[in-house]
Amino acid sequence: STWGCFSNILFQLPRIMHFFAAANCPALAGWSLVLPSVAVGNVGQLAVDALIHNFKLTKIGTLFSVHVMAAVGNDANHADLRGELTTNLEVYSNLNHHICVVQLRAPIIPGHTRLFCDELIQWITDTQFSSILLLSSLDAQFRDDSQINSSPLRYILAQCANGCASIKPPNSIGIRELEHSSDDLMGIATLPRFLIDSSPIPLVVLTCFCVEGDNTNDGMMTAAAASFLLGFADTSSQSIQFTRPPSWRYLEGILHSRDLF
């Protein structure tokens with residue numbers, strides 16, 4: 001069958017992450033890497049969309065992993081739909097700030113997170129990134145009373161990230177470190193857990209307590225905080241005015257003609 005032939009080809013591919021660089025791809029050694037995690041409300045992915053759109057990041061290639069579900073579509077970054085192909089793992093850059101951003105537009109195959117994390121770390125090591133900012137989210141049901149009465153943003157530091165010069169300290173804009181109770185840790189998505197344990201370079205996790213629903217405001221808030229930590233903005237993140245990316249137009253589906261009803 002067609003699927004049988006495809007699956008045979010798929011599982012014969014080397015178990016490494018492939019980076020298909022565009023002609024305009026710069027050398028990324030020493031740069032900071034921004035990653036989203038598929039978690040509650042897809043806040044990390046929404047935040048990356050906001051960063052790509054508002055800071056006009058340049059697409060410099062795509063990643064391929066057998067451990068991520070396939071996804072393909074029309075242009076996600078331009079309102080005029082120029083026909084640029086959108087795939088499940090895309091790589092963007094900002095040359096002025098030496099920031100590389102990966103957008104993950106599909107979930108990791110269930111049971112494959114450890115394998116995906118291993119090949120991601122190998123790519124990070126081979127590329128020689130200097131630091132990682134991981135954007136994620138936490139289930140708000142795990143908050144205690146003190147967390148309910150404070151900002152939903154939290155951060156986690158790993159691998160001596162306190163001395164990371166390329167990512168500003170989150171507490172410098174009033175973000176609190178995640179309180180390490182068992183309930184908090186239960187809410188952390190699988191990918192951040194693995195990266196916290198095995199990242200070879202300084203890692204900062206910026207996460208947001210939220211509930212499933214319309215999480216665009218959570219994404220905007222996370223992107224605003226991330227833009228300050230990465231040096232895109234020199235002032236308090238609360239003063240940044242973000243606009244909604246074109247890719248959000250159909251988050252809740254398309255509008256139907258009233259003539260249908």
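**Reading contacts and packing**

Author: Let us begin with a polar contact. In this predicted model, a polar atom of the N94 side chain lies 3.2 Å from the backbone nitrogen of N96.

Reader: Where does N94 lie, and is N94 buried or exposed?

Author: N94 belongs to strand 6, which covers residues 89-94. Its relative accessible area is 12%; because buried means under 20%, N94 counts as buried.

Reader: Which residues does N94 touch, apart from those up to four places away in sequence?

Author: N94 touches W31, F55, L57, I99 and F232.

Reader: How should I read the buried residues of a helix?

Author: An α-helix has 3.6 residues a turn, so residues three or four places apart point the same way. In helix 6 (residues 190-198), the buried residues are L191, P192 and L195. Viewed down the helix axis, the buried residues fall within an arc of 95°, so they line one face of helix 6.

Reader: What do the buried residues of helix 6 pack against?

Author: They pack against strand 2 (32-36), helix 3 (113-127), strand 8 (131-135) and strand 12 (203-210).

Reader: How do helix 3 and helix 6 pack?

Author: Their axes are 10 Å apart, at an angle of about 45°. Helix 3 is therefore oblique to helix 6, and the crossing is right-handed. Among the residues that meet there are F116, C117 and L120 in helix 3, and L191, F194 and L195 in helix 6.

Terms used: Residues are numbered from 1 along each chain as its sequence is written. This is a predicted model: local features need pLDDT of at least 70, side-chain atom pairs count only at pLDDT 80 or more; totals for chains, interfaces and linings use all residues. Side-chain values use heavy atoms; hydrogens and water are left out. Buried means under 20% relative accessible area, exposed over 50%, partly exposed in between (1.4 Å probe, protein chains only). Helices (H or I, at least four residues) and strands (E, at least two) are DSSP runs, numbered from the N terminus. The arc is that of the directions from the helix axis to the C-beta atoms. Contact means heavy atoms within 4.5 Å. A polar contact is a pair of N or O atoms within 3.5 Å; within protein, one must be able to donate a hydrogen and the other to accept it, and residues adjacent in sequence count only if both atoms are side-chain atoms. Axes are lines fitted to C-alpha atoms, for helices over the stretch in contact, and angles run from 0 to 180 degrees between N-to-C directions. Angles under 35 degrees count as roughly parallel, over 145 as roughly antiparallel, 65 to 115 as roughly perpendicular and the rest as oblique. A crossing is left-handed if the near helix is turned anticlockwise from the far one by less than a right angle, and right-handed if clockwise.
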